[in-house]
Amino acid sequence: MGTNRVALVTGGGKQRGGFGVARALGKAGYAIVLHFRSSVSEAADSVRLLGQEGITAEAMQADLSDEGQTENLVGRLIDRHGRIDALVTCASRWGRHALAETDAGLFLEQFRANTLTTALACLSVGRRMVAQPEGGVIVTVGDWALRRPYPDYLAYHTSKGAVAAFTRALAVELGRQNPRVRVNMVEPGPVMLPPDMPEDEKQEAIGATLVRKEGNPDDVGKAVLALVENSFITGGSRPVDGGRSIWAGGL
C-alpha cells in the first residue's frame, strides 16, 4: 500500500490541461494516476515526462461514460494505493456547432462527454473519500464562458453549465457526510488554444484577455493546487482566464 497522497487526473493522458494539473500536484508530493480513454501512447509519454521530473505517475484506462468501467478504474486505484486524496476531472470534449446543426444527438454527445464522465468519476471517488477519515478534495473543470457564452457552442456550454451545478450540489452532499471532503471548480479560459485555430481567431481570443497573453496548462495546475490546499474553500469556482470573463471589452 502506498503512503503518498494520491491524485487521479481524468483526461490527463495528453499533454494538455490535465498534464499541467498532474505536474502541479506531483510536485506538491502527490502520486499521480493519469486516466486516459484511448490515447495510449500519449499517456505513456506523459508518465515518462512526469517521471523525468521526479514525479511518481502511472496511467490507467477507462471509458468514464460507462459506470462499470469508472468504478473499476477507481477500484484498481484504491487496491493499488489504499486511498485517494484528490480527483481532478479534466476529461472533456469541445467543438463548434452552428445553431442550425444543434440537435438532440449533439446535446446527448456533449452531455455524455462532459457532464456524465464528470459525474460518474466524482460519485465513485466521492464515496471513497467520505469513508476516509482524512476526506479528500475534488476539483471539476468548467469553462470561463459559462459567465459570458460565445456563439456556436450551445450544447457544449449547456453540458459545462450542468457541471457547475453538479459541483455545488456535490459539495453539499459530500460535505454533509464528511466535512473533510470538499468540491470546487476551475474555469479555464484561453489555455492552449487548438493548434488548428486560425491565427486571427487566436489573436482575437488573446486580445480579449486583460493580461494580453495565452495561458498554459501550468496556470490551470496552480489554480487547482490552490483549491486543493485551502481547507476553507468548498462549493466555489475560480476562473483561470486572464480576466476574459470580467472585461466588457473582451469578445
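Modeller: Contact means heavy atoms within 4.5 Å. This is a predicted model, in which local features need pLDDT of at least 70 and side-chain atom pairs count only at pLDDT 80 or more, while totals for chains, interfaces and linings use all residues. Residues are numbered from 1 along each chain as its sequence is written, and side-chain values use heavy atoms, with hydrogens and water left out.

Biologist: Which strands and which helix do the buried residues of helix 7 pack against?

Modeller: Helices (H or I, at least four residues) and strands (E, at least two) are DSSP runs, numbered from the N terminus. Buried means under 20% relative accessible area, exposed over 50%, and partly exposed in between (1.4 Å probe, protein chains only). In helix 7 (residues 217-229), the buried residues include V220, V224 and L227. The buried residues of helix 7 pack against strand 2 (30-36), strand 4 (86-89), strand 5 (136-141), strand 6 (181-188), strand 7 (237-240) and helix 1 (17-27).

Biologist: Which residue caps the N-terminal end of helix 7?

Modeller: The cap involves the backbone nitrogen of D218. A side-chain oxygen lies 2.9 Å from that nitrogen, and the oxygen belongs to N216.

Biologist: Is T118 buried or exposed?

Modeller: T118 lies in helix 4 (residues 104-131). Not counting residues up to four places away in sequence, T118 touches T89, T140, V163 and F166. Because its relative accessible area is 3%, T118 is buried.

Biologist: What is the relative accessibility of L154?

Modeller: L154 is found in helix 5 (residues 154-177). L154 counts as partly exposed because its relative accessibility is 42%.

Terms used. Expected span 1.5 Å × (residues − 1). Polar contact = N/O pair within 3.5 Å; in protein donor to acceptor, adjacent residues only side chain to side chain.
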